[in-house]
Each structure stands twice: as C-alpha cells, then as structure tokens.
Amino acid sequence: MLIKSRIWLEKEGNVLLGNGRVLLIKKIIKTGSLSKAAKEMEISYRKAWNLIDSINKTSKQPFVITSKGGSNGGGTIVTEYGLKKIAQFDVLKERYHQFLKEQEYLFDED
C-alpha cells in the first residue's frame with residue numbers, strides 16, 4: 001500500500017510554491033530562459049510568466065528576475081533567494097514523502 005500526496009506552500013491564501021512552480025524554476029535555471037522553460041514544460045509563455053509573477057509577488061523577495069531582449073538578448077535568472085527557497089522546498093518535500101512512507105505500515109493488508 002502506498003500513501004500518495006502533494007505538497008505546496010501558501011502565504012496569505014496565495015500559492016507560493018508547489019511541484020509545477022518548482023519545476024518551472026528549475027527549467028529556468030537549466031535553460032536561462034523563461035520562454036525555453038515554458039516550451040519544455042509545454043505551457044504557454046503567458047502562463048509561465050503569470051506563475052513567476054505570482055511567486056515574486058507572494059514572496060518576501062523575488063525568486064526570478066527577467067530582462068527584456070535587445071542587442072544582448074533577454075534572459076531570466078533565478079536569484080540567490082530563489083535558489084535557497086527551492087532547495088528548502090526540495091528538503092521539505094523529501095522529508096514529507098519519507099514521513100508518508102514510514103506511515104504505510106498502518107495500512108498493510110493482513
């Protein structure tokens with residue numbers, strides 16, 4: 001028997017982080033681009049931008065900073081604060097899933 005669950009963080013009724021938002025930020029780290037991250041996740045740029053905007057507005061500090069295109073091209077970077085919070089979320093998620101795994105014995109079938 002497996003216990004399945006998802007975890008997300010809210011602040012004042014607004015979602016701050018969850019699996020999808022964390023994945024989007026990790027793809028931004030990988031690609032250096034919000035549009036490339038959105039493409040890899042198969043979501044629209046607008047949806048990706050709205051998710052990042054929501055995170056930044058809900059958070060104490062910005063997670064992601066974007067710069068518009070131009071002669072140097074645009075880009076998206078994840079801030080040190082964002083990197084720290086993503087790492088903390090990953091630890092929390094791992095501990096949470098470990099806790100659930102430890103509870104599975106409660107539902108063992110005889």
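The following dialogue discusses how to read selected features of a predicted model.

Trainee: What should be kept in mind about numbering and confidence in this model?

Mentor: Residues are numbered from 1 along each chain as its sequence is written, and side-chain values use heavy atoms, with hydrogens and water left out. Because the model is predicted, local features need pLDDT of at least 70 and side-chain atom pairs count only at pLDDT 80 or more, while totals for chains, interfaces and linings use all residues.

Trainee: How many salt bridges does a search of the whole structure find?

Mentor: A salt bridge is a side-chain nitrogen of Lys or Arg within 4 Å of a carboxyl oxygen of Asp or Glu. The search of the whole structure finds four. One of them joins Lys27 to Glu40, with the closest N and O atoms 3.2 Å apart. Lys27 lies in helix α1 (residues 19-31) and Glu40 in helix α2 (residues 34-41), so this pair ties together parts that are 13 residues apart in sequence. Helices here are DSSP runs (H or I, at least four residues), as are strands (E, at least two), and both are numbered from the N terminus.

Trainee: Which other residue forms a salt bridge with Glu40?

Mentor: Glu40 also forms a salt bridge with Lys30, where the closest N and O atoms are 3.1 Å apart. Lys30 lies in helix α1 and Glu40 in helix α2, so this pair ties together parts that are 10 residues apart in sequence. On accessibility, buried means under 20% relative accessible area, exposed over 50%, and partly exposed in between (1.4 Å probe, protein chains only). Glu40 is partly exposed at 36%, whereas Lys30 counts as exposed at 59%.

Trainee: What separates the partners in the salt bridge between Asp53 and Lys57?

Mentor: The side chains of Asp53 and Lys57 meet at 3.1 Å, N to O. The two residues are four apart in helix α3 (residues 45-58), so about one helical turn separates them. Lys57 is exposed, with a relative accessible area of 66%. Elsewhere, salt bridges that share partners join Lys27, Lys30 and Glu40 into one network.

Trainee: Which residues make the nonpolar surface patch?

Mentor: Patches are made of residues with over 30% relative accessible area and no salt bridge; like charges are joined within 9 Å, and nonpolar side chains (Val, Leu, Ile, Met, Phe, Trp, Tyr) within 5 Å. The accessible areas come from the Shrake-Rupley method with a 1.4 Å probe, and for residues only the protein chains shown count as cover. In this structure, Met1, Tyr105, Leu106 and Phe107 make a nonpolar patch of about 490 Å². Tyr105 lies in the segment after α4 (80-103) and counts as exposed at 54% relative accessibility.

Trainee: Which residues form the aromatic pair, and how are their rings arranged?

Mentor: Rings of Phe, Tyr and Trp (its six-membered ring) pair if their centres lie within 6.5 Å; planes under 30 degrees apart count as stacked, over 60 as edge-to-face and the rest as tilted. The structure holds one aromatic pair. Its members are Phe63 and Tyr81, edge-to-face, at 5.6 Å centre to centre and with 85° between the planes. The pair links distant parts of the chain, 18 residues apart: Phe63 is in the loop between α3 and β3 (64-67), and Tyr81 is in helix α4. Phe63 is buried at 0% relative accessibility, and Tyr81 is buried at 19%.

Trainee: What surrounds Thr79?

Mentor: Contact means heavy atoms within 4.5 Å. Leaving aside neighbours within four places in sequence, Thr79 is in contact with Pro62, Phe63, Val64 and Ile65. A polar contact is a pair of N or O atoms within 3.5 Å; within protein, one must be able to donate a hydrogen and the other to accept it, and residues adjacent in sequence count only if both atoms are side-chain atoms. The side chain of Thr79 reaches the backbone oxygen of Pro62 at 2.8 Å. Thr79 lies in the loop between β4 (75-78) and α4 and is buried at 13% relative accessibility.

Trainee: Where does Ser59 lie, and which residues does Ser59 touch?

Mentor: Ser59 lies in the loop between α3 and β3 and is buried, at 9% relative accessibility. Not counting residues up to four places away in sequence, Ser59 touches Lys11, Leu16 and Tyr81. The side chain of Ser59 also reaches the backbone oxygen of Gln61 at 2.6 Å.
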